[in-house]
Amino acid sequence: MKLPLSDPMSPFSLPENPDAPKLLHPTPAVTVRQEIDNMGWVDMGDHVLIVDALEQAENEASVLAAIHETTQAKPVRTVLNTHTHYDHIVLNPVFEERFGATIVNARTTAVPAEGLWFEGQDRRALFLPMPDCHTSEDCVVWCPEDRVLFTGDIFGWGLIPWEKGLNRAKAECLKASYERLIAFEADCVVPGHGPVCSSAELRRWVVYFDELIGSVRRLCTNGLAPAAILAELPPPDDMSEWWRFRQWKHQDTLEKVIAAVTAGDL
Ligand SMILES: [Zn+2]
């Protein structure tokens, strides 16, 4: 299946129905089950490594069948959770019970700052902490042989991933984390939710976030009220087709930036 990867020079194009479940193959060894909630698996050669475990238990049969089919029935040895929100862990017990798989996340495992490597016969995966972008437990998964990066909910198609209030320190933490993600130069970036993309979208979000902060500061200094600032700053044209961005994510991000700037925190 053709991946909806975007080119930095051309606008991102969404798959026809981004919310319908579909199996994507960024490389022959990596499968992404893309829906509203995403999960993926890597054929490590002698076993299967899973990234994230969805929200709805009724997906069990279709997920197991898809893994079986795409990996020639190899056993699942490891499940990595990018964080432990309910929409990323529901099928964990299925993999434990059926395969004896090890569940690895920031709660089950002491993950050093430099990350943990998981090795198979043919390839490796790095489970790397990147805390305090979305939750205190965030980790990302990097598959170097395939150049695929699973970001969990750190990349949210325009959203500020942190929900508990924005300030200067948090903005710096987010930008520094994004620079680390961009430095992987991944060919395929798999967010926790929605369509997959490329490193170009990570770079674009940092520019967008910085420009938004600058614009809101300027408009606040000029005395504009929040409603007028919202009207003054529409979604950028090149991002208007980002998943759910024009519909509500741009406004959500803008409201968070306005609240932080007007409180003197940003
Ligand atoms: Zn999530």
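In H3, the residues Leu174, Ser177, Tyr178 and Leu181 are buried. They sit on the same side of H3, because they cover an arc of only 100° around the axis. Keep in mind that you're looking at a predicted model.

**Exercise 1.** Work out which residues of H3 are exposed on its other side, and what the buried ones pack against.

*Solution.* Start with the other side of H3: Arg168, Ala169, Glu172, Ala176, Glu179, Arg180 and Ala183 are exposed there.

**Exercise 2.** Check whether the end-to-end distance of H3 (residues 168-183) agrees with its number of residues.

*Solution.* H3 has 16 residues, so at 1.5 Å a residue it should span 22 Å. The end C-alpha atoms are 23 Å apart, which agrees. Just after H3 comes Glu185, with a positive phi of about 50°.

**Exercise 3.** Find the strands that pair with E4 (residues 48-51), and say in which sense each one runs.

*Solution.* Take E3 (residues 39-43) to begin with: it pairs with E4 in the antiparallel sense, over 4 bridges. Here Trp41 stands opposite Ile50. Next, E5 (residues 76-80) runs parallel to E4, joined to it by 4 bridges. On that side, look for Leu49 opposite Thr78.

Conventions: Residues are numbered from 1 along each chain as its sequence is written. This is a predicted model: local features need pLDDT of at least 70, side-chain atom pairs count only at pLDDT 80 or more; totals for chains, interfaces and linings use all residues. Two strands pair if DSSP finds at least two bridges between them. Helices (H or I, at least four residues) and strands (E, at least two) are DSSP runs, numbered from the N terminus. The expected span of a helix is 1.5 Å times one less than its number of residues. A residue is buried if 20 or more other C-beta atoms lie within 10 Å of its own, exposed if 12 or fewer, and partly exposed in between; C-beta atoms are placed from the backbone. The arc is that of the directions from the helix axis to the C-beta atoms. Two residues are in contact if their C-beta atoms, placed from the backbone, lie within 7 Å.
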